[in-house]
Amino acid sequence: MTRKLVVTDLNWSLFHEPTWHGLPSDPKDWVDIDVDEYIRFQKEVGNNCLFLQGTMFTGYAIYPSKLTPLAPGKGSTIFPRFYEKARADGSMEIWSYMCVGCDVFVAGSRQDWIIPTSRQYLEEGLIGPETPWTEQLCERIYEFLSLYPVDVMMFDWFTYGSLCPDKFHVQPAWFVEKPFKEIIGRKMPKTAEKITPEESLIYKREVLARQFNAIYNTVKQVSPKTKLCFNVPYWEAKEALWEDHVMMEKTDILFAESSDDVVNWLLEKRKPHQDVMTTVIGRPGVGDEGVCDPNTWRKWYDKGCSFYGYVWGMPPNFLPDTRFENDLKIMKQAFREMK
Amino acid sequence: MTRKICTPDLNWTVVNEPTWHGIPSDPKDYIDLDIDEFINAQTDMGANCLSMIAVSFTGYAFYPSKLVPLAPGNGSTIYPRFYEKAREKGLEVWAYMMFGCDVFMTNARQDWNIPTSRQYLEEGLLGPETPWTDQFCERLAEFLSMYPVDVMIIDWFVYGSLQPNNFHVQPAWFVEKPFLEIIGRPMPKTAEEITPEESLKYKREIMARAFNKIYDTAKKTSPKTKLCFNVPYWEANEAMWEDHVMMEKSDILMAESSDHVVSWLLEKKKPHQTVMTTIIGRPGDGDEGVCDPNTWRKWYEKGCDFSAYTWGSAPSIVPDEKFINDMEITRQAYKEII
């Protein structure tokens, strides 16, 4: 099955002033969302999958969690209502989402869990997989999947220290001390300069493998049929951090948050059980123009890819900003042509 | 009436590794709080006011807000249950919100943070000139319309640092317009081009505007609710606050200390005001003795009210053993205070 999935990304809220930009959504932004309308939008695009976050990367849950802060008002009833309706429909694969690398709430209140220098690359900060965060995240995953055993779980920002983790150099920190000794076989030095590029790479690969295994085992324990999809994102083909990494070996869906040469790399790497998904609408960052290009769809379709796209709305209206109109039109047509 | 408060501070939780310190409480930390135990912990100390946080400084609510993220599970039923039982006890009921920082907002709205404020508080401090003040007032109105408490404490009423008197105003997008209005010239590009006098004038006016919005919101929603602002003050006669509208109009002048700041507030107090000293609290480096319960008699004779707060290791609210001695002194003092 070719997966067709274009979603309104509730992680972010759109603003037009002073210039067009997205900000992490406020927990109250989407509390009055009409679940029927939200599902209808995805169907009208031509999706054969339905998507909704369980917990935003901002750090609030839209289901009745006992572990994560809740969207205010009736916000924590959103996912349960979505899930019920999506399951009742029966014809579509149900996706949900959690962010691994950042939880804005946790990053704000647990400053000492943040990887040193990561705020230079993402101002909200990226949380160290070596900290108690991984265990907390797994508890959240367990809680969520035991309530809502979705078909596919997307784990976003599976990264280390930067959204370009391949280029990030490991920094000394209290939480690096023990795993560094275990992995590298010598004591963690006091400065980053004393960590060699080779050590940095070995360390990142192993720490992320441990985190992947913790997440994978949790998912498979609580909801064995749930498939896993990890977004790094990758920026280049053949990044040393990921070549033959357990995450790429065992993930069910190899996900490119782009439609560029990264997709070819993933197609080369894919195993028989794996699907490759390209993102044809998204990545609205500076310098990202054309990286997610809906006009590439036929090429990727012919190569057997699945498709992902995300758009942003201005709360409380989740419907996409006019900027996405053209891309959406292309993908609606594309989804009609795909079998 | 001399107010006597001693409350477990649910903003924080104690961690012993690598050394004893407090960290911002996690939203799930206190969701199984036993309300009776929480109230008894205060009345057993001899408190005649009952205090509970409405919104933690971390940025989650203990009441069913439509505006603020909620403590998970049944966490948002905690304040309603506390309020009901506290009202039954007939004691003065207090609630708490934090103005200067909301950890969630400071991280989710980076451009609302006052530049350089993370140097002084790693979580960052929000600019009162940003949309934050309006959001805060909406929260306050929502809360007071549901729970018209007797006293509302507004914490960290600061600008740029927990020592706002020493903070120098920094250029930022949100400073541009008010700077021109207040100082009468365009905001310069660097902080060095702002004179100390301009910085002081600007901070005082911005904090006056914020105070007036908060005051008007509270009085409009719940006219009988008294307001208590904690800065904290660090020195007597801080230029930032001398004759400031906040000090003129607050109902309770609060010192988060039992040092010479209290004498200053006693000098400044107006007939409608009381002065509150904090005799347990301020556990930061170099703060030893700043909140000293042994000073109680001196302040009692001068007519002060008393505040104390303690920290536990979540989910327990039982104060860490570090507080035991101070609590014994305070318990005895509260027995003697009429």
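This is a predicted model: local features need pLDDT of at least 70, side-chain atom pairs count only at pLDDT 80 or more; totals for chains, interfaces and linings use all residues.
Let me begin with chain A, whose secondary structure comes to 10 helices and 12 strands. Its C-alpha trace spans about 55 × 45 × 45 Å along the principal axes, and its radius of gyration is 19 Å, which agrees with the value near 20 Å that a compact globule of 339 residues would have. Of those 339 residues, 50% are buried. If we take the contacts in chain A between residues at least 6 apart in sequence, 67% of them join residues that are at least 24 apart.

Turning to chain B, the secondary structure comes to 10 helices and 10 strands. The radius of gyration of chain B is 19 Å, close to the 20 Å given by the globule rule for 338 residues, so chain B is as compact as a globular protein of that length. The C-alpha trace of chain B spans about 55 × 45 × 45 Å along its principal axes, and 51% of the 338 residues count as buried. For contacts in chain B with a separation of 6 or more, residues 24 or more positions apart account for 68%.

I would now like to look at how two helices pack inside each chain. Such a pair is described by the angle between the helix axes and the distance between those axes. In chain A, helix 1, residues 35-45, and helix 2, residues 78-89, pack at an angle of about 50°, with their axes 10 Å apart. Helix 1 of chain A passes helix 2 of chain A in a right-handed crossing. Helix 1 of chain A brings A:Val35, A:Asp36, A:Tyr38 and A:Ile39 to this contact, and helix 2 of chain A brings A:Ile78, A:Arg81, A:Phe82, A:Lys85 and A:Ala86. These residues divide into 6 nonpolar, no polar and 3 charged.

In chain B, helix 1 covers residues 35-43 and helix 2 covers residues 78-89, and the two pack at an angle of about 50° with their axes 10 Å apart. Helix 1 and helix 2 of chain B are therefore oblique to each other, and their crossing is right-handed. From helix 1 of chain B the contact takes B:Ile35, B:Phe38 and B:Ile39, while from helix 2 of chain B it takes B:Ile78, B:Arg81, B:Phe82, B:Lys85, B:Ala86 and B:Lys89. By class, that contact has 6 nonpolar, no polar and 3 charged residues.

Finally, some local backbone features. Where in chain B does B:Pro232 lie? B:Pro232 is found in the loop between strand 7, residues 226-229, and helix 7, residues 245-249, and a cis peptide bond with omega of about 0° joins B:Val231 to this proline. The peptide bond from B:Ala314 to B:Pro315 is cis as well, with omega near 5°, and B:Pro315 sits in the loop between strand 10, residues 305-310, and helix 10, residues 324-336, of chain B.

A:Thr117, which is not a glycine, has a positive phi near 75°, and this threonine lies in the loop between helix 3 and helix 4 of chain A. A:Thr117 counts as partly exposed because it has 15 C-beta neighbours inside 10 Å. In chain B, B:Thr116 has a positive phi of about 75° although it is not a glycine, and B:Thr116 lies in the loop between helix 3, residues 103-108, and helix 4, residues 132-146. With 16 C-beta neighbours inside 10 Å, B:Thr116 counts as partly exposed.

I will end with A:His16, in the loop between strand 2 and strand 3 of chain A. A:His16 is exposed, with 9 other C-beta atoms within 10 Å, and from C-alpha to C-alpha it is 8.9 Å from A:Met314, although A:His16 and A:Met314 are 298 residues apart in sequence.

Terms used: Residues are numbered from 1 along each chain as its sequence is written. Chains are lettered from A and ligands numbered from 1 in the order in which they are written. Axes are lines fitted to C-alpha atoms, for helices over the stretch in contact, and angles run from 0 to 180 degrees between N-to-C directions. Helices (H or I, at least four residues) and strands (E, at least two) are DSSP runs, numbered from the N terminus. Angles under 35 degrees count as roughly parallel, over 145 as roughly antiparallel, 65 to 115 as roughly perpendicular and the rest as oblique. A crossing is left-handed if the near helix is turned anticlockwise from the far one by less than a right angle, and right-handed if clockwise. Two residues are in contact if their C-beta atoms, placed from the backbone, lie within 7 Å. Ala, Val, Leu, Ile, Met, Phe, Trp, Tyr, Cys and Pro count as nonpolar, Asp, Glu, Lys and Arg as charged, and the others, Gly among them, as polar. The radius of gyration is taken over C-alpha atoms; the globule rule is 2.2 Å times the number of residues to the power 0.38. A residue is buried if 20 or more other C-beta atoms lie within 10 Å of its own, exposed if 12 or fewer, and partly exposed in between; C-beta atoms are placed from the backbone.
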